[in-house]
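This note collects comments for a colleague who wishes to read the structure alongside the sequence.

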Amino acid sequence: MRTSMEIVRYIEPGGPGPRVGLRNGATVAPLPWGSVAELLRESRDELRERLTSATGSAVDAADVTFLPPVDGRTEVWAAGVTYERSRSGRVEESSEASVYEKVYDAERPELFLKSVAWRVVTDGEPVALRSDSTVDVPEPELALVANRFGEIVGYTVCNDMSSRSIEGENPLYVPQAKIFSGCCALATGIRPVWEVPDATDLAITIQVQRGGETVFSGDTSTARLHRTLEELVAALFAPTDFPDGAILATGTGIVPELSFSLAEGDRIEIEIAGVGTLANPVVRGREPMSWLVDALDRPDARKVQL
């Protein structure tokens with residue numbers, strides 16, 4: 001069976017702090033970069049060569065704590081209305097439906113800052129609902145990992161949490177609907193781009209569990225994306241420098257009916273074939289996410305709750 005290679009961030013019990021490593025199956029070996037941000041300063045060809053030739057003493061993956069695969073000055077951005085289902089979902093919820101119809105076919109895509117590195121959570125850690133929101137949904141998305149040159153060097157799984165009630169009230173409220181503590185989750189691993197033969201046709205699935213029952217499920221494929229992956233990255237990098245690279249979530253093709261909303265205590269499970277999995281419990285409000293501030297200086301304060 002072919003081993004899946006992933007770039008990860010992790011800490012070891014009693015270790016000096018976060019490390020960057022290469023996970024192959026059940027083991028993790030350290031890499032020569034001090035951070036993922038530093039790794040994303042490499043060109044794609046340089047990165048592939050150094051990863052292929054990396055050597056280090058591997059440890060059991062079960063003995064380490066995995067951290068979100070983003071740090072330093074690297075930012076997480078997101079694209080919107082890139083699938084037809086996303087367009088129709090936004091039209092259903094919005095008081096200004098025409099703006100979503102227009103941006104779907106426009107030359108310029110919708111792009112917005114989703115999270116700074118320290119607010120990102122990973123597999124097993126909670127995502128949150130705003131306490132003043134009434135309709136909330138997960139958004140399972142393929143995320144592109146781009147280096148400082150704007151080259152796609154890897155892929156990961158993103159949950160772009162969203163308040164449909166706030167965004168639907170007024171499109172100008174998008175930043176409030178999209179950016180808050182617990183709004184962004186990434187899988188623990190980054191799959192190098194050369195390890196994924198065809199990112200334009202990847203199956204994406206999601207389930208929401210509540211009290212041991214599935215209350216929502218859905219599936220789509222990146223083949224249904226209205227824009228190319230390269231087009232989205234080019235639009236992000238065209239006006240802006242990213243010296244430590246960027247992660248760009250590519251939008252969702254799975255939008256529940258307006259009658260559905262996440263609830264505190266739910267569990268969200270996402271899988272992207274060939275890329276990875278991501279599972280998170282759901283909390284409500286700002287206070288349950290306050291540990292993110294402590295984790296800035298103490299990574300061992302992270303809350304793995306699965």
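The points below cover the basis of the model, a sheet, salt bridges, aromatic rings, a surface patch and some loop residues.

1. Basis of the model. The model is predicted, with local features requiring pLDDT of at least 70 and side-chain atom pairs counted only at pLDDT 80 or more, while totals for chains, interfaces and linings use all residues. Residues are numbered from 1 along each chain as its sequence is written, and side-chain values use heavy atoms, with hydrogens and water left out.

2. The open sheet. Five strands form an open sheet with mixed pairing, in the order β8-β19-β18-β15-β16. At its edges stand β8 (127–129) and β16 (213–221), each of which pairs on one side only. From one strand to the next the twist averages 20 degrees. Strands are DSSP runs of E with at least two residues, helices are runs of H or I with at least four residues, and both are numbered from the N terminus. Two strands count as paired if DSSP finds at least two bridges between them.

3. Strands of a sheet pair through backbone hydrogen bonds, either parallel or antiparallel. The parallel sense is found between β8 and β19 (residues 276–284), over three bridges, and here alanine 128 stands opposite valine 283 in β19. The antiparallel sense is found between β18 and β19, over six bridges, where glutamate 271 has threonine 277 as its bridge partner in β19. These two strands form a hairpin with three residues between them, and glycine 274 in the turn has a positive phi of about 80 degrees. Strand β15 (residues 203–210) also pairs with β18 in the antiparallel sense over six bridges; glutamine 209 stands opposite arginine 267 in β18.

4. Salt bridges. Side chains of opposite charge can pair when their charged atoms come close. The count is 16 salt bridges, a salt bridge being a side-chain nitrogen of Lys or Arg within 4 Å of a carboxyl oxygen of Asp or Glu. Arginine 73 forms one with aspartate 244, the closest N and O atoms being 2.8 Å apart. Arginine 73 lies in the loop between β5 (65–67) and β6 (75–80) and aspartate 244 in the loop between α7 (229–237) and β17 (246–249), so the pair ties together parts that are 171 residues apart in sequence. Arginine 73 is exposed at 54% relative accessible area, while aspartate 244 is buried at 2%.

5. Further charged pairs. Arginine 50 and glutamate 42 meet in a salt bridge at 2.4 Å, N to O. Arginine 50 is partly exposed at 32% relative accessibility, and glutamate 42 is buried at 14%. A network of salt bridges links Lys114, Glu139, Asp160 and Lys178.

6. Aromatic rings. There are three aromatic pairs. The ring centres of phenylalanine 237 and phenylalanine 242 are 4.8 Å apart and the planes are at 55 degrees, so the pair is tilted. Rings of Phe, Tyr and Trp (its six-membered ring) pair if their centres lie within 6.5 Å; planes under 30 degrees apart count as stacked, over 60 as edge-to-face and the rest as tilted. Phenylalanine 237 is buried at 15%, as is phenylalanine 242 at 5%. Together with Trp77, Phe237 and Phe242 form one aromatic cluster.

7. Loop residues. Valine 81 lies in the loop between β6 and α3 (84–93) and is buried at 3% relative accessibility. Its phi is near 55 degrees, a positive value in a residue other than glycine. Most residues other than glycine have a negative phi. Proline 16, in the loop between β1 (5–11) and β2 (19–24), is exposed at 86%.

Notes: Axes fitted to C-alpha atoms, helices over the stretch in contact; angles between N-to-C directions. Buried < 20%, exposed > 50% of the residue type's maximum accessible area, 1.4 Å probe, protein only.
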